[in-house]
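This briefing accompanies a single protein model and is intended for a reader working from coordinates. Please consult the sequence and the structure shown here alongside the text.

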Amino acid sequence: MKLWIDEDLTPRLVDPAHAHGYEATSNRDRRLLGATDAALYEIVVDGDYVFVTNNEQDFRRLYRTHDLHPGLIVLAERIRVEQVAMFERVLDYIEQHAARAGEAPGSWMVNRVVEVDEATEVCSDHPLP
């Protein structure tokens, strides 16, 4: 699975992604700070990256416009220090559900959003679009 970390999140999320064996990058690493959501969406989807953001509304709208996409992860809004632990839980969630489905995590994420509830911090997933 390939993961792209949005600029509103700590670029340190790349480290736990690598620790799980995934390719990961961020807006900062690609020198795309300030890129428009639409431009970033095209780059991410063309590169087959699962996008990780807390900018839920804009990216849900963009993802709904396409029949096929690599997936979306929406983290609850938290200070950067808390984002790493939350992201670790999301990666564990994806791996567990992919294993139950008999799929690789990247395949399981296709056309899916995994999100963390703001109040409970519980992970859930559903198809998108």
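The points below are grouped by topic, from the chain as a whole to individual residues.

The model is predicted. Its protein chain has five helices and six strands, and buried residues make up 45% of its 129 residues. The structure also holds two aromatic pairs, which are treated in a section of their own.

**Fold and overall dimensions**

- Read from the N terminus, the elements of the protein chain follow the order β-α-β-α-β-α-β-α-α-β-β.
- The radius of gyration of the protein chain is 13 Å, which agrees with the value near 14 Å that a compact globule of 129 residues would have.
- Along the principal axes, the C-alpha atoms of the protein chain fill a box of roughly 35 × 35 × 30 Å.
- Among the contacts in the protein chain with a separation of 6 or more, 54% are between residues 24 or more positions apart.

**Surface and charge**

- The protein chain exposes about 6400 Å², and 49% of this area is supplied by carbon and sulfur atoms.

**Aromatic pairs**

- A pair of aromatic rings is described by the distance of the centres and the angle of the planes.
- The structure holds two such pairs. In one of them, the ring centres of W4 and Y49 are 5.2 Å apart and the planes stand at 85°, so the arrangement is edge-to-face.
- W4 belongs to strand β1 (residues 2-5), whereas Y49 is in the loop between α2 (37-46) and β3 (50-53); the pair therefore ties together parts that are 45 residues apart in sequence.
- Both W4 and Y49 are buried.
- Y93 and W108 also form an edge-to-face aromatic pair, with 6.4 Å from centre to centre and 65° between the planes.
- This pair links distant parts of the chain, 15 residues apart, with Y93 in helix α4 (residues 80-101) and W108 in helix α5 (residues 105-109).
- Y93 has a relative accessibility of 13% and counts as buried; W108 is buried as well, with a relative accessible area of 6%.

**Backbone: positive phi values**

- Most residues other than glycine have a negative phi.
- N111 is not a glycine, yet it has a positive phi of about 60°. N111 is placed in the loop between α5 and β5 (112-116).
- E121, likewise a residue other than glycine, has a positive phi near 60°. E121 is placed in the loop between β5 and β6 (123-127).
- With a relative accessible area of 26%, E121 is partly exposed, because that value lies between the 20% limit for buried and the 50% limit for exposed.

- T10 is located in the loop between β1 and α1 (14-19), and at 3% relative accessibility it counts as buried.
- Apart from neighbours within four places in sequence, T10 is in contact with I5, R80, Q83 and V84.
- L13 lies in the loop between β1 and α1. Its relative accessibility is 0%, and L13 counts as buried.
- With residues up to four places away in sequence not counted, L13 touches I5, L75, Q83, V84 and F87.
- I5, Q83 and V84 are among the residues in contact with T10, and they are also among those that L13 touches.
- L13 and R112 are 99 residues apart along the chain, and their C-alpha atoms are separated by 20 Å.

**Strand β2: A24**

- A24 is found in strand β2 (residues 23-26). At 12% relative accessibility, A24 counts as buried.
- Leaving aside neighbours within four places in sequence, the contacts of A24 are L3, V14, A17 and H18.
- From A24 to L40, the separation is 16 residues in sequence and 15 Å in space, C-alpha to C-alpha.

Definitions and conventions
Residues numbered from 1 in each chain as written. Predicted model: local features only at pLDDT ≥ 70, side-chain atom pairs only at ≥ 80, totals over all residues. Heavy atoms only, no water. Helix = DSSP H or I, 4+ residues; strand = E, 2+ residues; numbered from the N terminus. Rg over C-alpha atoms; globule rule 2.2 N^0.38 Å. Buried < 20%, exposed > 50% of the residue type's maximum accessible area, 1.4 Å probe, protein only. Contact = heavy atoms within 4.5 Å. Areas by Shrake-Rupley, 256 points an atom, 1.4 Å probe, with all protein chains shown as cover. Phe/Tyr/Trp six-rings, centres within 6.5 Å; stacked < 30°, edge-to-face > 60°.
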